[in-house]
Amino acid sequence: PSARRRCRARARLPRPPNAMAAGEDEAVHDVVLHLYDLSQGMARTMSAALLGRQIEGIWHTGVVVHGVEWYFGGGVQRGAPGRTPYGAPVRAIPLGKTALDAQVLADYMRDLSGKYTPASYSLLRNNCNNFCDEVSSFLVGKGIPEFITGLPADVLQTPMGQMLAPMIENMERQARTQGGGDVGLGLGQGFGAAAAAAAAPTATAAHPAATAAIAVAADPQPTYGKGDTVWYTPSEGERVAATVVGVYVDDPPPYFTIKGAFGERQTVAKRLAPRDPQTDARTAAAEAAQRRADDSAKKKAAHKKAVAEEFAKIMAEGGRTPNEAAAEAVKKVRQRQRAQQGAA
């Protein structure tokens, strides 16, 4: 069976009786996201000149669970938390808890290793943050914060981002041709202690395009507090109503946990907009008026169709002029409508 099916099968096994008797919570393993700035602070000082907008960092991420940090760089890699080739994390973001044990996760990583390879790495479309987002969804049922995963597309929409995209892709092709990418602590090295001694490039060498573009744009000072109702606009789709349930402003960029019909997720201020009661009331009134107009138009169309059908039947019977047939058709349709309203 595939590694993914083995993961599912093992995840369904009952917990040991002694653990259940002790009343342990089933989700016992903390899952934390390590956030690294590959620019080592240079993005904050140089981004305005390079990109035409201020950014806070060029992010690399790793998922820490079971005392191991997993990340993607030249393949699926693992190492001691905070001791990967990327230096010290600038932030540790709690993602939640998981009941999956280390063996289940190892099987899952072997399954992912076919998707996240040196040849498949793309700074724009298949990078370390995409990997961590997928792993987080597997472990805790939700991805990593959107301010990390959502901004490559935003940056590429800027004129400078569009100019840089071909250059980045060309650099990636050259790196793959030359066998570039992280050496790290990878699956190909068997997860063993010997892998820890493998040579690893610096963060900027591991990502040759790191200084080029993809990063997190600085947000304005947060204007939202816990309990505020807001409009949330995702990367794709129309805005939806949400409530702010968490505010995190200690480290840049500020971000928020919001909750709505879509569930709970983390995002940044640029994707939120305040909900003004007066504006909401006007919007609701306009939407209600539009619904009434649509209903009226549907009723008129249905009435017109019914009269036309009745008129055709009367004319087929013969003995009436078109004017007489039209008047009788209208009369019959109105009688049926009154009868239906009375029955309702």
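Select Met42 first, which is found in helix α3 (residues 42-51); helices here are DSSP runs of H or I with at least four residues, numbered from the N terminus. The model is predicted, so local features need pLDDT of at least 70 and side-chain atom pairs count only at pLDDT 80 or more, while totals for chains, interfaces and linings use all residues. Residues are numbered from 1 along each chain as its sequence is written, and side-chain values use heavy atoms, leaving out hydrogens and water.

Met42 has a relative accessible area of 45% and is therefore partly exposed, a class between buried (under 20%) and exposed (over 50%), judged with a 1.4 Å probe and protein chains only.

Next, select Tyr116, in the loop between α4 (102-112) and α5 (128-140). Tyr116 is buried, because its relative accessible area is 2%. Display its neighbours: Tyr116 touches residues including Phe72, Val76, Asn126 and Phe131, not counting residues up to four places away in sequence; contact means heavy atoms within 4.5 Å. The C-alpha atoms of Tyr116 and Gly73 are 8.4 Å apart, although 43 residues separate the two along the chain. Now show the side chains of Tyr116 and Glu134, which are joined by a polar contact of 2.7 Å. A polar contact is a pair of N or O atoms within 3.5 Å; within protein, one must be able to donate a hydrogen and the other to accept it, and residues adjacent in sequence count only if both atoms are side-chain atoms.

Finally, move to Asn126, also in the loop between α4 and α5. Asn126 counts as buried because its relative accessibility is 13%. A polar atom of the Asn126 side chain lies 3.1 Å from the backbone oxygen of Ser120.

Notes
Helices (H or I, at least four residues) and strands (E, at least two) are DSSP runs, numbered from the N terminus.
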